[in-house]
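Subject: Handing over the structure

Dear colleague,

Please find the sequence and the structure below, followed by my notes on what was found.

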Amino acid sequence: MVKILMRADTHVSFVVPFEEPVAKCTFSQVLAALTVSLGSMVVGFSSAYTSPALVSMQNRNITSFEVTEQSGSWVGGIMPLAGLAGGIIGGPMIEYLGRKNTILATATPFIIAWLLIGCATHVSMVLVGRALSGLCVGIASLSLPVYLGETVQPEVRGTLGLLPTAFGNIGILLCFVAGNYLEWSGLAFLGATLPVPFLLMMFLIPETPRWYVSRNREERARKALQWLRGRKADVEPELKGISKSHQESERHASKSAMLDLLTKANLKPLMISLGLMFFQQMSGINAVIFYTVTIFKAAEAGLDENLCTIVVGVVNFIATFIATVLIDRAGRKMLLYISDVAMIVTLMTLGAFFYMKDNGHDVSHIGWLPLAAFVVFVLGFSLGFGPIPWLMMGEILPGKIRGSAASVATAFNWTCTFIVTKTFTDVSAALGMSGAFWMFGSVCIVGLLFVILYVPETQGKSLEDIERKMMGRVRRMSSVANIKPLSFNM
């Protein structure tokens, strides 16, 4: 078959015989991706806990201690704040302890946090448990994409790299469904069981070869790479590429990690990552997830709020698997375009619905609209802006600064999360529910322009090739790894 091909680093097209590449994804890579994704399921469960649990927690017939509106807001708000702290300390941890050990270090504290919440006899125990779980969430959300980015082959990095998001959505859905049947303490005890299989399976997978190379442990790097690629695979070319990329990074590095972040070559990928994190959170997704029940009550659409919450969770779950299928075919940017347009349309529609309702218009005949808009919004978010900023964080950040830069990006993400979740009620009170949704929609319009102008396509490229392009280094013309078709098959 003949197709038009183009090198990723040039604008020159030419015709050559082309055979569809076959990605040899080993069982070991799938096992590694599934294992770390179990950690993401714990993260998702932790993030969604407030929505179903807070109602029963504030019921004095169920809870032996008082949970006021103010302390209840902190039960939800303290997790992203602690996630910010986790993002800050997670960067040094993945550099000095390694990617695997950092992920492993979150499992036991997760269990302790959930037991603290489940056994709570005062709201302060709940807050301590939420703070501890939030700290682990911050560390995990930084280290999981870095681990997968450094272990999975380029051809399937998009597909396997989205597994943590998919499992995170399973955690959210599990929490929403179980929350219909369990009160807050029972839900916390269920949360305490989730890290156990994650903890056990983490002992089966290796550290990333790139971290071993950065510590001058080449033999360990070779063994880890052999485990990931299969016993019969020739790993020497890939290992040499990793070593060469590390040596180049060392030559361009300064003595200060923070100074390295501010160099022109490193600042570009960092700012792209921060931009993606900003537009991800300022789309209002966590306001939607945290306050789903409240929003549906405000809509007065005659729909069961808890059922609507489960529907949103199911859509969130399904959409990520659709993204997993599409991301290595359509590419990152195409999914970001689709995601952003879907969010803009639905946020503006929700704003119009609440504007009509608040101004005395009869909206009973379109009572289905909020749920339909929520479904499309969550579907759009989960296809692109949900998973891709995390995936690309592990792809575009240069190896030498990956730990410190990922730490900055994760801390920034959790800062935005805290701002959105903590201020949503105040913003909606000041601007009205319609104004809040229109504000989020306007941010998404700016986000679409940002993706068009600044975000690179990383589909099918090795981390070394992405790094050389982002940092402006010239690649050898003999490299064929980044020859790719102009068109894609859906």
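Let me begin with one cysteine: Cys416 is buried, with a relative accessible area of 3%, where buried means under 20% relative accessible area, exposed means over 50%, and partly exposed lies in between (1.4 Å probe, protein chains only). Cys119, by contrast, is partly exposed, at a relative accessible area of 44%. If a disulfide is taken as a pair of cysteine sulfur atoms within 2.5 Å, the count comes to 0 disulfides.

Before going further, please keep in mind that this is a predicted model, in which local features need pLDDT of at least 70 and side-chain atom pairs count only at pLDDT 80 or more, while totals for chains, interfaces and linings use all residues. Residues are numbered from 1 along each chain as its sequence is written, and side-chain values use heavy atoms, with hydrogens and water left out.

The protein as a whole

The protein has 23 helices and 3 strands; these are DSSP runs numbered from the N terminus, with helices being H or I of at least four residues and strands being E of at least two. Of its 490 residues, 58% count as buried. The accessible surface comes to about 20300 Å², and 66% of this belongs to carbon and sulfur atoms, with areas taken from the Shrake-Rupley method and a 1.4 Å probe, and with only the protein chains shown counting as cover for residues. When a contact is defined as heavy atoms within 4.5 Å, residues 24 or more positions apart account for 80% of the contacts with a separation of 6 or more.

Helix H9

In helix H9 (residues 184-193), the buried residues are Trp184, Ser185, Leu187, Ala188, Gly191 and Ala192. These residues cover an arc of only 160° around the axis, which puts them on the same side of H9; the arc is that of the directions from the helix axis to the C-beta atoms. The helices that they pack against include H1 (27-48), H6 (123-151) and H10 (195-201).

Helices H21 and H23

Helix H21 (residues 388-396) and helix H23 (residues 463-470) pack at an angle of about 80°, with their axes 8 Å apart. Here the axes are lines fitted to C-alpha atoms, for helices over the stretch in contact, and angles run from 0 to 180 degrees between N-to-C directions. H21 and H23 are therefore roughly perpendicular to each other, a label used for angles of 65 to 115 degrees, whereas angles under 35 count as roughly parallel, those over 145 as roughly antiparallel and the rest as oblique. At this meeting point, Gly394, Glu395 and Ile396 in H21 meet Leu463, Ile466 and Met470 in H23. Since 7 of the 8 residues of H23 are buried, H23 is largely enclosed by the rest of the structure.

Three further residues

Asp358, found in helix H19 (residues 332-358), is partly exposed at 46% relative accessible area, and its C-alpha atom is separated by 8.8 Å from that of Met433, 75 residues apart along the chain. Ile419 lies in helix H22 (residues 402-454), and its C-alpha atom and that of Pro80, 339 residues apart along the chain, are separated by 9.0 Å. Asn216 sits in the loop between helix H11 (209-214) and helix H12 (218-229), and has a positive phi of about 55° although it is not a glycine. Most residues other than glycine have a negative phi.

With best wishes
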